[in-house]
Every structure is written in C-alpha cells, then in structure tokens.
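Thanks for coming, everyone. Please bring up the model, and I will walk you through a few parts of it.

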Amino acid sequence: HTSHSLEGKTVLVSAGPTREKVDPIRFFTNRSSGKMGFAIAEAAADLGATVNLVTGPTNQTITHPNINRIDVESAEEMYEAIHRYYENSDIVIKAAAVADYRPKQVHEQKMKKQEGDLLLELERTKDILKSLGEKKTHQFLVGFAAETSDPIEYGLGKLRKKNLDAIVVNNVTAEGAGFGNDTNIVTYINKDEKQIPVELSSKKEVANKLFQFIVHDMKGDR
Ligand code: PMT
C-alpha cells in the first residue's frame, strides 16, 4: 500500500554543510551531518519522485536508484548546482546548512604561522534560497530555518522575505532536534502561516510528514 503521491514530480533537495576554504588544507564548516536532507531525498524517491540531491561533504549514502546525487563543497558551488536543476523542479527543499560568510582571500599556499594574532576577513556568500524565491515560477519552494532563539518568529521572517511556499522551522537547541541527530523536531509553516508541529521522530518520519503537508498545500489554489 505504498503511496505514490509524488509520481511524475521532480524534487530538488539540498543537504549537508558547506566548506569555505582558507587555504589548501583549512576550511570553515558547520555541524550539519546531511541526515535531514538525505532523509528528505529518500522519502521523496519512495513516494515516486525523481530526485536531484545537491549535497555538501557528508558521510551519508543513498540507496534509492531514483536519486541523482550531486556533490559540492562551497556555498558558491551549491548555488551553481542548485540553479542548474531549479528550472526543471516541481518541489525544492533547502535543508543544507550553507555558510553565510567565507574568507575574502583564499590562500594558494598553506598559511604560515606568524607572530601575534591573525585577523581573517570574511565576506558574504550568496543567499541561495533568496535567489530561488526571486526567480520562482511554478516551483513549490521550501526553506529550512535553524534557530537557537525565537524560532517561529525568525522562521516567519524568512518565509515572508524570501518568497517561500513553506518553511520548516528547526529549533536546534531542543533535545533530539537539529544538527547531527537521527531525530528531529520541527514546525512546518505554509504561506497562509498555518503552523503544523511535528513531534520528536526520526528524520525519515519527519521527511514523510513534510511531504504530506507539501502535497496537501500544492493541491490548494496554487
Ligand atoms: O544535516 P543534519 O545534521 O541532519 O541537520 C539538519 C539541519 C539542522 C542542518 C536542517 O534541519 C536545517 O535546519 N537546515 C537549515 C540550516 C540553516 O542553515 O538554516 P539558516 O536559518 O541559516 O538558513 C535558512 C535557509 O536559507 C536554509 O534553507 C538554507 O539552506 C538557506 N540558505 C542559507 C544561507 C545561504 N547562503 N543560502 C541559503 O540558501
């Protein structure tokens, strides 16, 4: 009795952290394991979708034949890859934890130790989600918000500002939620700003719930 609610749909998912190079051997990154994004990709494929999964460096592996995995490292590479697949996507879910800043200068040789402190200058990366919202046509665009305080308020802000169809708010300070865990706790908020909480459950179960909500919202008057 498997449901095929995403049959014929193409789903684009981003997962994992990014790496922003300082020099050939050093980089900035974050605690994303890729588990949430990979669970979303697997759930979509199980529901019959064709899936493109753009992922930063992770230990995760995929098992489903309908998932096309595209490996990237930096926020810039993720931006390029996501935009390559965007036009042909029906649903886009951005679970990746993308760096907001990168070193302004990438050293070609290993940086040498020097006397005293070192000041590194950082510059902004492109906001991928915002750029997708700006050129959205038929896509159902879903962002994530990883917050450590006032998650709903900040999530609503991102939903409104970035022209999203829904946002998945992740209070990453709750026990069993967020970065690295096999489980998560989220709140799905759609364009009408209706909030649906998802209690503590495996990332795969969270992913399945998200697709229930998304399919429901896509059937609306869009
Ligand atoms: O990978 P796991 O260990 O399983 O952890 C899952 C998770 C906590 C990483 C995931 O559930 C999650 O919350 N992902 C979003 C993390 C994040 O970076 O949130 P944010 O609030 O900083 O960004 C908001 C949204 O903008 C996200 O959809 C993000 O992909 C996107 N973004 C951010 C920066 C940027 N330069 N471009 C973007 O598109």
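First, a term. A residue is buried if 20 or more other C-beta atoms lie within 10 Å of its own, exposed if 12 or fewer, and partly exposed in between, with C-beta atoms placed from the backbone. Now the ground rules. This is a predicted model, where local features need pLDDT of at least 70, side-chain atom pairs count only at pLDDT 80 or more, and totals for chains, interfaces and linings use all residues. Residues are numbered from 1 along each chain as its sequence is written.

How confident is the predictor? pLDDT is its confidence in each residue, from 0 to 100. The protein has a mean pLDDT of 96, and 98% of its residues reach 70 or more. ipTM is 0.97 and pTM is 0.97.

Next, the ligand. A residue counts as near it if the residue's C-beta atom, placed from the backbone, lies within 6 Å. How many residues surround the ligand? There are 28, and the closest are Ser33, Lys35, Met36, Ile128 and Leu129. Helices (H or I, at least four residues) and strands (E, at least two) are DSSP runs, numbered from the N terminus. The elements that give two or more residues to this shell are α1 (35-46), α3 and β9 (140-147). β9 gives the most, with 4 residues. By type, the shell divides into 13 nonpolar, 10 polar and 5 charged residues. Here Ala, Val, Leu, Ile, Met, Phe, Trp, Tyr, Cys and Pro count as nonpolar, Asp, Glu, Lys and Arg as charged, and the others, Gly among them, as polar.

On to the helices. Start with α2, residues 75-86. The expected span is 1.5 Å times one less than the number of residues. For the 12 residues of α2 that gives 16 Å, and the end C-alpha atoms are 16 Å apart, which agrees. The buried residues of α2 are Ala75, Met78, Tyr79 and Ile82. Seen down the axis, they fall within an arc of 105 degrees, so they line one face of the helix. That arc is taken from the directions from the helix axis to the C-beta atoms. What do they pack against? Their partners are β1 (10-15), β2 (20-23), β4 (50-55), β7 (101-103) and α3 (128-134). Contact means C-beta atoms, placed from the backbone, within 7 Å.

Now α4. Its buried residues are Pro151, Gly155 and Leu159. β9, β10 and β11 are among what covers them. The face turned away from the buried side carries the exposed residues Glu153, Arg160 and Lys161. After α4 comes Asn163, with a positive phi near 55 degrees.

Two loop residues next. Asp150 sits in the loop between β9 and α4 (151-161). Its phi is near 40 degrees, positive in a residue other than glycine. Is Asp150 buried or exposed? Asp150 counts as exposed, because it has 11 C-beta neighbours inside 10 Å. Glu193 lies between β11 (183-190) and β12 (195-202), also in a loop. Its phi is near 65 degrees, again positive and again not a glycine. Glu193 is exposed, with 12 other C-beta atoms within 10 Å.

Last stop, Met111. This residue is in the loop between β7 and β8 (122-124). Met111 touches Val22 and Asp23, leaving aside residues up to four places away in sequence.

Conventions: pLDDT = per-residue confidence, 0-100. Contact = placed C-beta atoms within 7 Å.
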